[in-house]
Every structure is written in C-alpha cells, then in structure tokens.
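Thanks for coming. I will go through a few local features of this structure, and then stop.

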Amino acid sequence: MRVPIRRAWLGAALLPVLLVLVPPFASAIRYPYLVTVINQALIYAIAAMALDFIMGYGRLVSFGHAAFFGLGAYTVGILSTQFQQGAPFILGWMGTNEAFVAWPLAMAVSAAFALVVGVISLRTTGLFFIMITLAFGQMAYFFFISLSAYGGDNGLTLSLPNTIAGSQVLSSGVPFYYVCFVLLLATWWLLRRFVNSRFGRVLQGSRQNERRMRALGFRTFPYKLVAFTISGAIAGLAGALIANQSGFVSPAIMHWQQSAEFLVMVLLGGLSSLVGPIYGAIALVLLDQVLVAVTPHWEIILGPILVLVVLFFRGGIYGALSGKGDRA
C-alpha cells in the first residue's frame, strides 16, 4: 500500500508549525510553564535524533549516549564556573560563558569521547556492542560522581546561562526556546543530508548486510565510526542546551537510565525516521508531566502505554501519523 503523499507530508510538516506556536499559545492560556516543558522535549529530541541516526540507519544500539549528553552539559558548566571564579582551567585558560565558544567545545569533547568509545566498541556487534557502550557510559557517570571539585554527586550549579555575543538573551524562556527550536531543525537538516548522501547509503547498506558491503569493496568500520562520532557530538550539543535550561548539571544525566529514555523516545516516535524522535520526546515528556500530577506511581501507567504503542503503532507515532506504519 502506497503512502498518500499528502498524509506523509502532513506528518512531517505539521509538527514544526505547532512548535512555533507553543510560546504564543502558552501566553494566551496564561501557562508559561508549557514553554519550559516543550523546550525540554526539544532538547531531548536532539539527543534522541542523534541516537536514531546510528540506531535506525546503522543498527548500532548504544546504551552510552547519556555519557555524551552529560559531557556536553559538564563542559558548559565547568567553563562557566571557571569564568565566574576567574580561576585557571587548562594551560591558564580562564573559561568562558560565551555560547559560540562553549557549545562547540561541548560538542568537541563529546565527539572525542565518542571517537574513543567507537574505536573500541565498533569492533564488536550486537549485545557485546551494547554492553561496551553501557560500560563506558557508567565509567563517565562514576568519574563525575568522584569529581568533588565540581560538585561530585551533588552536581554543579550555573549561576548564569551562556551569553550570545555578550547578550543575556538565553536568560529569557521564549528566546531560548526558539534557539533550541532552530538548532533542532538544523540538526534534522544536517542528519537528513548525511542519510541521503553516499555516506548514508553505505551506512544503511552495512545495517542490512555488512558482509555484502565489504564484498563490494567498502570498509564499513570508518563509516560507522564517523557516524558514531557525529552522533556523540550532537548529543553533546543537547547536553549544553539542557545545562542552560536547568541551570544545573548532575551526574544523574549520565546514568544508563537516561540512555534508556533516549532509546524509548526513538522507539516511541518511530525508528529510522529522524522526525520520529521529536514526536517521541514530546510524547514522553508530556506523559511524564501528566502522569506525575495524577499519581506518585506514574511508572505503572506509563509502562503499559509504551507497550501498547509499540504493539499497535507500527513505525511509532510518526509512522501512524504519516501512514508509513500502515501494513502493506
């Protein structure tokens, strides 16, 4: 059964229109906290989209993406702390609170760690790959718990959000929301270009039959390593954004449970779509907010909901909306 073009377009195009309208809608109903909630979902969506890039198109199920997420957040937090204290950081460098410096550095640190993890973990497959990424993620988690100079288990508080060209524009909720929205669109555009390029076709080919790709003359390891590193860098960007939104960085965001949440967002929204993780992140964050207000045992309700979505919505939420989850 062919997917109707109008329905498929609607599933992808309707979401950004609705997201643009969130701040004025929140203002109209006098509920400004809605902007904060959806903004958190957008940040998680960037990290979930990074995971979907390697999991949906490269069949690389990573349980360590929370480590890249947390490294990005801690990079911003540590740079901001050093800047405010005027204390030397690395080679006498005093740190910075400028987003145009801190955010690329956060991505670079996360990418470097992802490169190291990838060089080791990508030599394995399946369950072994999952366990190695999980082990590296937990290593990072326990490292920052022991890092008492920056709060240890108690975390690190950012007294001020990052500046953009010296301006405190990120200290206001609505401008920061639109910054995150633009970065979400830019991430989707960049990953979509990768997926549709020769690089993406080799990555998808290795997902379907890696032995055949090698027989055709492609060395799949470098492709998977580059994809894994890019995915880690994007997760680091999401971490930099969450640090600015919450004003607080804790080792808890590096725990394997956070990696599991990203995985749930991808599966809930729709694997191998890039748009699906956005739906999944928004749905999961909103479900958390609603169910927490209903009962302290909200996990008991959330679990069966997720099971039903996986069973009856082939292709996740995005697949159901676009028609790509319809059975042939």
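**Salt bridges, a helix pair and a loop**

I start with the side chains of Glu210 and Lys224, which meet in a salt bridge, with an N to O distance of 3.1 Å. Glu210 belongs to helix α8 and Lys224 to helix α9, so this pair ties together parts that are 14 residues apart in sequence. Keep in mind throughout that this is a predicted model.

How accessible are the two partners? Lys224 has a relative accessibility of 5%, so it counts as buried. Glu210 is buried as well, at 17%, because the cut-off for buried is under 20% relative accessible area.

Glu210 has another partner. Its side chain also meets that of Arg214 in a salt bridge, at 2.9 Å from N to O. Here both residues sit in helix α8, which covers residues 198-215, and they are four residues apart, so about one helical turn separates them. Arg214 counts as exposed, with 52% relative accessibility. Taken together, Glu210, Arg214 and Lys224 are linked in a network of salt bridges. How many salt bridges does a search of the whole structure find? The count is two.

Next, the packing of helix α9. Helix α9 spans residues 220-246 and helix α5 spans residues 99-121; their axes come within 7 Å and cross at roughly 140°. At that angle α5 and α9 are oblique to each other, because roughly antiparallel would require an angle over 145 degrees. The crossing of α5 and α9 is right-handed.

Which residues make the contact? On the α5 side they include Trp103, Ala106, Met107, Ser110 and Ala111. On the α9 side they include Phe221, Leu225, Phe228, Gly232 and Gly236. Sorted by type, the residues of the contact between α5 and α9 are 15 nonpolar, six polar and no charged.

Last, the loop between α10, residues 256-269, and α11, residues 276-294, where Ser272 lies. Ser272 is not a glycine, yet it has a positive phi of about 60°. Leu274 is in the loop between α10 and α11 too. Leu274 is likewise not a glycine and has a positive phi, of about 65°.

Leu274, by contrast, is buried, with a relative accessible area of 0%.

That is the end of my part.

Methods:
Residues numbered from 1 in each chain as written. Predicted model: local features only at pLDDT ≥ 70, side-chain atom pairs only at ≥ 80, totals over all residues. Heavy atoms only, no water. Axes fitted to C-alpha atoms, helices over the stretch in contact; angles between N-to-C directions. Helix = DSSP H or I, 4+ residues; strand = E, 2+ residues; numbered from the N terminus. Parallel < 35°, antiparallel > 145°, perpendicular 65-115°, else oblique. Left-handed = near helix turned anticlockwise from the far one by under 90°. Contact = heavy atoms within 4.5 Å. Nonpolar A, V, L, I, M, F, W, Y, C, P; charged D, E, K, R; others polar. Salt bridge = Lys/Arg side-chain N within 4 Å of Asp/Glu carboxyl O. Buried < 20%, exposed > 50% of the residue type's maximum accessible area, 1.4 Å probe, protein only.
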